[in-house]
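Student: I have a model open and would like to go through it with you. Could you take my questions one at a time?

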Amino acid sequence: MTDLRTTVRTTPTGPVLEIAGDLDFHSAPGAREVLLGLAPGPGRLLVVDLTALTFCDSTGITLLLAARNHAVSHQAHIALAGVPAHVSRIFDITGLTRVFATYPTAEDAVDGWAARNDG
């Protein structure tokens, strides 16, 4: 079991929430508290960076769906970045890949969003 760590940073397009370690039944409440403390503005982008995620169970999937709902409630958008291969397979099976925009890195998400919305 790897302890969960969260880090939040601000980018020109909105917040990036980095989640590292195991996202499971025991760690999700702490991550949820951090998530609900974020207030992406209308038309902004919340990026959830999963590059250092080592494990994700159904509680973690529920947290990601809550993150989507949180972004929508703030009239913002959401993207996942750096989804590890072992987690990506789970997201494919559960259909999350049809719910979330995904990018190789958080920087790609921010750059792609900024490019699409500068016009």
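Student: Which strand is E18 in?

Tutor: E18 has its place in strand β2, where strands are DSSP runs of E with at least two residues and helices are runs of H or I with at least four, numbered from the N terminus. This is a predicted model, in which local features need pLDDT of at least 70 and side-chain atom pairs count only at pLDDT 80 or more, while totals for chains, interfaces and linings use all residues. Residues are numbered from 1 along each chain as its sequence is written, and side-chain values use heavy atoms, with hydrogens and water left out.

Student: OK, T11 next. Where does T11 lie, and is it buried or exposed?

Tutor: T11 lies in strand β1, which covers residues 5-11, and it counts as buried because its relative accessibility is 11%. The side chain of T11 reaches the backbone oxygen of G14 at 2.6 Å, and, not counting residues up to four places away in sequence, T11 touches V16, R44 and V110.

Student: Changing topic: which residues are buried in helix α1?

Tutor: In α1, residues 28-36, the buried ones are A28, A31 and L35. Seen down the helix axis, the buried residues of α1 fall within an arc of 65 degrees, so they line one face; the arc is that of the directions from the helix axis to the C-beta atoms.

Student: Why would residues three or four places apart point the same way?

Tutor: An α-helix has 3.6 residues a turn, so residues at that spacing point the same way.

Student: What covers the buried residues of α1, and what is on the face turned away?

Tutor: The cover includes β1, β2 (14-23), β3 (45-49) and α2 (58-73), whereas the face turned away from the buried side carries the exposed residues P29 and E33.

Student: How many residues are in the largest nonpolar core?

Tutor: It has 24 residues, and those with the most contacts inside it are I19, L23, V48, L50 and F91. A nonpolar core here is a set of buried Ala, Val, Leu, Ile, Met, Phe, Trp, Tyr and Cys residues joined through side-chain atoms within 4.5 Å. The elements giving two or more residues to this core are β2, α1, β3, β4 (53-56), α2, β5 (77-81) and α3 (85-94), and the largest share, five residues, comes from α2. A second, separate core of ten residues includes L45, V47, A79 and Y103.

Student: Last one: how many helices and strands are there?

Tutor: The protein has four helices and six strands, and from the N terminus on its elements run β-β-α-β-β-α-β-α-β-α. Of its 119 residues, 44% count as buried.

Terms used:
Buried < 20%, exposed > 50% of the residue type's maximum accessible area, 1.4 Å probe, protein only. Polar contact = N/O pair within 3.5 Å; in protein donor to acceptor, adjacent residues only side chain to side chain. Contact = heavy atoms within 4.5 Å.
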